[in-house]
Amino acid sequence: PRRGAARAASGERSRSAIAMAAEVAGGGGVHQFGSICLASTGSAPQGTFKLETKGFTWRKQGGGKTIEVSSSEIRDAFWSRSGREFILTVKKNDGSQISFVGFRERDLEELRSRFDSGVRVLELSADGRNWGDLEIVDKQLVFESEGKKCFEVAMKDITQASLQGKNEVAVEFQTDDTGTATKEDALVEMTFYVPPDSSTYFAEEDKTSAKVFLDSVLEKADLVTSSDDVILSMPEVAVVVPRGRYECQLHMNFLKLVGQSQDFKIRYTNIMRVFVLPKVHQPQTLVVLSLDPPIRKGQTFYPHVLFQFHNDEETEVHLNLSEENLEKKNKQNGNGIPDRNFSGASSDVFAKVVRGLAGAKISRPQKFKNSSGEGHCVRCSYKSDDGYLFPLEKAFFYVQKPPILILFDDISSVEFARQSMSQYSAAAKTFDLVVKTNSDQEYLFRSIQKQEWQNMFTFIQERDLKIENLKQVQQSMNAAGGRAAGQAAGNLEGGGG
């Protein structure tokens, strides 16, 4: 499946020597490779692979998923040829591994010099045979033929396994509502024939070799636990995007939204971050789940799911988790569920439960305050929609339609529009904010109240974001200060007369 994803992506990618491997000036030994795909059972998203002194980082093109691995986490690294491209597979100390597709042959020398464990060349089988040895190695299901690896899939991607007859085992892979495009091929099911006299999976009195293999898959893929049991159900939750009211069911490995006309299934591994965003001048709080890949409804994709809770709404819940599963989740996600009982504002309870089950971090507005000091966002418009712009610690987040997350690392510059010293701009009650990204995208947030200007300007300067018309803005600020001082002096003189 990894080789297939690599071949499917190779025809669409055009690379140059500069884009593929560029030494970053002044980067202290940082080496960067462009157009590198993250291998998976589904689509292979492109991104940038960056080698640093303390490990490496892969970041999805256009923002979203980021993978950071430190040198101390790496156990082994392997190099394999796949058609015209090469695959780098990194095995971590915990037994998991990640594969990256799209390197060139000459990149091996640079990679070898950066990995303390070295990079071993691993030849893949390309003879097309469909029989061989099937084993579970660490957290991978590996199929080999005559000592050469044919393919492997991550055990965490297996969602179901069952017997098909006496000697066959069907393994199903993630088929939730996250995906990148309907045209993309994805691995959804494989069937293995396990001979009765298997030398790897020995038949027992009451078990065939296939059943022994099935039990091993169920155990290693964490499917023995009751993953289909509902841990918490929250009925009639208001969802702003995609719009509707849903019953929100939280399971062991996924979240399910059950609506009147459509259901959505979201695996926790696809939840990148949880945002808790309180609206201003409205008694409502949004809890946003940022997904990668996004969920799909028809031809529309939703990278952010917006849940809306009333600020006065409080709840008390008990999680339907066994002691074993509670311990397992806390081990995976850093003690995110200290207790089965949660109480408080519904927005906080929901966010904390999702964090505990999914292991995603919670982000809230912190330092930015609007001019009234009552909220952490400003009202504005994007295209034809009215919404809120939240300046967060590492990003701008616009809600509601469409939700837009712009990381500061992806921003090339910002511009304060309608802030010149012209008569029209001086009389205007609002201003616009233009945000430009490194990928040449431009976002125009209109009709921000002028009293928010100073706070926004200070916040953006403190984050070291480039302001294109900085000199013009500073002149406008000085002029505004002079007019205010003059007006105050006039009022004082009038009072004295």
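**Overview**

Modeller: Of the 497 residues in the protein, 48% are buried (under 20% relative accessible area; exposed is over 50%, partly exposed in between; 1.4 Å probe, protein chains only). This is a predicted model, where local features need pLDDT of at least 70, side-chain atom pairs count only at pLDDT 80 or more, and totals for chains, interfaces and linings use all residues. Residues are numbered from 1 along each chain as its sequence is written, and side-chain values use heavy atoms, with hydrogens and water left out.

Colleague: How many helices and strands does the protein have?

Modeller: Nine helices and 32 strands. Both are DSSP runs numbered from the N terminus: helices are H or I with at least four residues, strands are E with at least two.

Colleague: And what share of contacts joins residues at least 24 apart?

Modeller: 48%, among contacts between residues at least 6 apart in sequence. Contact means heavy atoms within 4.5 Å.

Colleague: Let's take strand 7. Is it buried or exposed?

Modeller: Strand 7 covers residues 85-92, and eight of its eight residues are buried. Both faces are covered. E85, I87, T89 and K91 lie on one side, with F86, L88, V90 and K92 on the other.

Colleague: Which strand does strand 7 join through eight bridges?

Modeller: Strand 6, residues 74-82, and the two run antiparallel. Two strands pair if DSSP finds at least two bridges between them. S80 has I87 in strand 7 as its bridge partner.

Colleague: What happens in the turn there?

Modeller: The hairpin of strand 6 and strand 7 has two residues between the strands. G83 takes a positive phi near 65° in this hairpin.

Colleague: And where do the six bridges of strand 7 go?

Modeller: To strand 8, residues 97-103, again as an antiparallel pair. V90 stands opposite I98 in strand 8. The hairpin of strand 7 and strand 8 has four residues between the strands, and G95 has a positive phi near 95°.

Colleague: New topic. In what order do the three strands of the open sheet run?

Modeller: The order is 10-11-12, with antiparallel pairing. Strand 10 (133-137) and strand 12 (148-154) each have a single partner strand, so one side of each is left without a neighbour in the sheet. Neighbouring strands are turned by 25° against each other on average, direction ignored. Axes here are lines fitted to C-alpha atoms (for helices, over the stretch in contact), and angles run from 0 to 180 degrees between N-to-C directions.

Colleague: How many bridges join strand 10 to strand 11?

Modeller: Five, with strand 11 spanning residues 140-145. I136 has L141 in strand 11 as its bridge partner.

Colleague: Pockets next. What is the volume of the second largest pocket?

Modeller: About 460 Å³. A pocket is an open set of points on a 1 Å grid over the protein atoms alone, with protein on both sides within 12 Å along at least five of seven lines; lining residues have an atom within 4 Å of a point. Grid points are joined across faces, edges and corners, and the volume is the space filled by probe spheres set on the points.

Colleague: Which residues lie nearest its centre?

Modeller: N130, W131, G132, D133 and F143, out of 23 lining residues. Strand 10, strand 12 and strand 15 (189-193) are the elements that give two or more residues to the lining. Strand 15 gives the most, with three residues.

Colleague: Now some single residues. D432: buried or exposed?

Modeller: D432 is buried, at 9% relative accessible area. D432 is found in strand 31, residues 430-437. A polar atom of the D432 side chain lies 3.1 Å from the backbone nitrogen of S447.

Colleague: What does the side chain of S363 make a polar contact with?

Modeller: The side chain of R273, at 2.8 Å. A polar contact is a pair of N or O atoms within 3.5 Å; within protein, one must be able to donate a hydrogen and the other to accept it, and residues adjacent in sequence count only if both atoms are side-chain atoms. S363 is in strand 25, residues 361-363, and counts as buried at 16% relative accessibility.

Colleague: Last one. Where is Q61?

Modeller: In the loop between strand 4 (55-60) and strand 5 (66-70). Q61 is exposed, with a relative accessible area of 56%. Leaving aside neighbours within four places in sequence, Q61 is in contact with Q46 and G47.

Methods. On a 1 Å grid over the protein atoms alone, a cavity is a set of points where a 1.4 Å probe fits but cannot get out, and a pocket is an open set with protein on both sides within 12 Å along at least five of seven lines; lining residues have an atom within 4 Å of a point.
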